[in-house]
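Please find below some notes for a colleague who is opening this entry for the first time.

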Amino acid sequence: MEHHDYTDSTPLLDDAPRLADRLAEDGYLLLRGVLPAAEVERVRDLVLATAAAAGWLHAAEAAEDGLPAVDVEAMARCGEPDREATRRAMWNRREFHALMHSPALLGVVEGLLGEPVFPHPRKVLRLVPPEAAGGSFVSGWHQDHPGVQGSARTLTAWTPLAPVSARSGGLAVVPGSHRDGVLPLRLSAGTIVGWEIDTAVDAVRSGPMWPGDVLVFTAHTVHGGGRNTGRGPRLSADCRYQPLREPVCRDSLELDVGHSWDEVYRTWPGGGVDDPLARYWHELPLDVVDYDRRADSVREREAIAAGRNHDPRAARALRITAAHSADPAVAAEAAALLSALDRDAGGAA
Ligand SMILES: O=C(O)CCC(=O)C(=O)O
């Protein structure tokens, strides 16, 4: 696979039509220094303080780029309830949400879409541990639209909270890959969702990024998070922005079962009352549509069929199906097939 540096589109920042043409051509834009670095660093410090309080960092051991090293054993020992509580303590912070509503970034995406923009409330904050922590998966080559749904014109903005380098692995994009619509998927045991696109990826764009830099890409641009081969955490945030008047999927507004916006706002000054960033979508004339599960059901059936054939590539997809399928019988069969795959792997070892 050929790796080239991102094309730097920062010089076009003041020329919205040319920036939009570049996005239409390449499917992505690297824009340097869009977000105020001090605000990015504030979010980074809050995330690191929360990770330190959870015991995930080596206090005295520096990794690369001024970040503390991750205590991979402590992270591996951390049970799922504590892990989730730590993730939420980071995610709930107002500073993180405010960063993704930065006027400079909203101005860029509004210029690209050429109309009023709706930033999705459900933003993403990522702490990708070194791969030595085990159980850490990369996102794999994928497109956002099948999972995010809603408007096909949705744009993603991905931004590092600390410098990303070849060691920490940033986000790589496949230029021009947005032109062929939704691409087929294949099973992949090493990715977060258990699938990745079933297309040869020959040439990708990547490169170092610094706090303040933003990578913007379309809902059909193939992209994937790199492996973190360093010793520090890879810290980043991403958010999706769409034309206000186009359909938005309900899942982009709602949180996972057991997590609520009330829980989020309890941590904000004044409980988020009268805060323009809290519940900002309630007053907007949104066209909210339900998540369409049809493609997920097809994939669940494919994972089950592969599991029945003892195909180890189905392991991760079966785990996701066991945990999240809307059909209890499918979830139960996925769990049983996963146990059988684990036994196969034990037997082979
Ligand atoms: O940051 C990463 O590791 C993956 C990000 C990603 O896949 C996304 O923004 O859709």
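1. The model is predicted. D274 sits in the loop between α8 (261–266) and β16 (288–289). Its phi is positive, near 65 degrees, and the residue is not a glycine. For context, most residues other than glycine have a negative phi.

2. H310 is another residue to check for its backbone angle. Phi of H310 is positive, about 60 degrees, although H310 is not a glycine. H310 belongs to the loop between α9 and α10 (315–324) and follows α9 in the chain. With a relative accessible area of 45%, H310 is partly exposed.

3. Helix α9 itself covers residues 294–308.

4. Which residues of α9 are buried? They are D296, R299, E300, A303, I304, A306 and G307. Viewed down the axis of α9, these buried residues fall within an arc of 165 degrees, so they line one face of the helix. The face of α9 turned away from the buried side carries R294, R301 and R308, which are exposed.

5. Next, the ligand and its surroundings. The residues around the ligand are R126, S139, H142, D144, W158, L171, H223, G225, R234, S236, D238 and R240. By type, this shell divides into 5 charged, 5 polar and 2 nonpolar residues.

6. Several side chains of the shell come within polar-contact range of ligand oxygen atoms. A polar side-chain atom of R234 is 2.8 Å from an oxygen atom of the ligand. For W158, an N or O atom of the side chain is 2.9 Å from a ligand oxygen. For H142, a polar side-chain atom lies 3.2 Å from an oxygen of the ligand. On its own the ligand has 290 Å² of accessible area, and the protein covers 95% of it.

7. Which elements give two or more residues to the shell around the ligand? They are β13 (223–225) and β14 (234–243). The largest share, 4 residues, comes from β14.

8. The loop between β12 (214–218) and β13 holds T221. T221 has a relative accessible area of 0%, so it is buried. The T221 side chain reaches the backbone oxygen of G27 at 2.7 Å. The side chains of T221 and T218 are also joined by a polar contact of 2.7 Å.

9. T218, the partner of T221 in that side-chain contact, lies in strand β12. Is T218 buried or exposed? At 13% relative accessibility T218 counts as buried, because the cut-off for buried is under 20%.

Technical notes: Residues are numbered from 1 along each chain as its sequence is written. This is a predicted model: local features need pLDDT of at least 70, side-chain atom pairs count only at pLDDT 80 or more; totals for chains, interfaces and linings use all residues. Side-chain values use heavy atoms; hydrogens and water are left out. The expected span of a helix is 1.5 Å times one less than its number of residues. Buried means under 20% relative accessible area, exposed over 50%, partly exposed in between (1.4 Å probe, protein chains only). The arc is that of the directions from the helix axis to the C-beta atoms. A residue is near a molecule or strand if one of its heavy atoms lies within 4 Å of it. A polar contact is a pair of N or O atoms within 3.5 Å; within protein, one must be able to donate a hydrogen and the other to accept it, and residues adjacent in sequence count only if both atoms are side-chain atoms. Accessible areas come from the Shrake-Rupley method with a 1.4 Å probe; for residues, only the protein chains shown count as cover. Ala, Val, Leu, Ile, Met, Phe, Trp, Tyr, Cys and Pro count as nonpolar, Asp, Glu, Lys and Arg as charged, and the others, Gly among them, as polar.
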